[in-house]
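Colleague: Before we turn to pockets and charges, could you take me through the reading of this model step by step?

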Amino acid sequence: MASKAKLSKANKEPKFSTRRVNRCNICGRTRAYMRKFGLCRHCFRALAHRGEIPGVKKASW
């Protein structure tokens with residue numbers, strides 16, 4: 001879980017657009033972020049297993 005200071009800093013408008021930091025909408029993690037869903041891999045996997053992300057299902061072959 002990201003600290004409150006880091007979350008508030010990420011929400012603030014940066015001086016330059018390239019300084020924007022992508023963070024997970026649920027836990028605030030910066031690494032392994034998926035733009036399409038706005039989630040990190042941990043939260044994505046948990047929500048996908050519960051079936052809470054529309055259009056995503058577990059692959060099997």
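Modeller: Helices (H or I, at least four residues) and strands (E, at least two) are DSSP runs, numbered from the N terminus. Lys4 is found in helix α1, and Arg23 sits in the loop between α1 (4–11) and β1 (33–34). This is a predicted model, in which local features need pLDDT of at least 70 and side-chain atom pairs count only at pLDDT 80 or more, whereas totals for chains, interfaces and linings use all residues. Residues are numbered from 1 along each chain as its sequence is written, and side-chain values use heavy atoms, with hydrogens and water left out.

Colleague: Is Lys4 buried or exposed?

Modeller: Buried means under 20% relative accessible area, exposed over 50%, and partly exposed in between, with a 1.4 Å probe and protein chains only. Lys4 has a relative accessible area of 73%, so Lys4 is exposed. Cys27, placed in the loop between α1 and β1, counts as buried because its relative accessibility is 19%. In space, Cys27 lies 9.8 Å from Ser3, C-alpha to C-alpha, although 24 residues separate the two in sequence.

Colleague: How many salt bridges does a search of the whole structure find?

Modeller: A salt bridge is a side-chain nitrogen of Lys or Arg within 4 Å of a carboxyl oxygen of Asp or Glu. The search finds two. Arg20 pairs with Glu13, their closest N and O atoms being 3.2 Å apart; Arg20 is partly exposed at 40%, whereas Glu13 is exposed at 62%. The side chains of Arg50 and Glu52 meet at 3.3 Å, N to O, with Arg50 exposed at 55% and Glu52 partly exposed at 48%.

Colleague: Which side chain of opposite charge is nearest to Arg23?

Modeller: Lys and Arg count as positive and Asp and Glu as negative, while His and the chain ends are not counted. For Arg23, which is buried yet has no salt bridge, the nearest such side chain is that of Glu13, 14 Å away. The side chain of Arg23 does, however, reach the backbone oxygen of Gly28 at 2.4 Å.

Colleague: Which residues line the largest pocket?

Modeller: Rolling a probe the size of a water molecule over the atoms shows where empty space is left. On a 1 Å grid over the protein atoms alone, with a 1.4 Å probe, a pocket is an open set of points with protein on both sides within 12 Å along at least five of seven lines, and lining residues have an atom within 4 Å of a point. Among the lining residues here are Lys6, Glu13, Arg20 and Arg23.

Technical notes
Polar contact = N/O pair within 3.5 Å; in protein donor to acceptor, adjacent residues only side chain to side chain.
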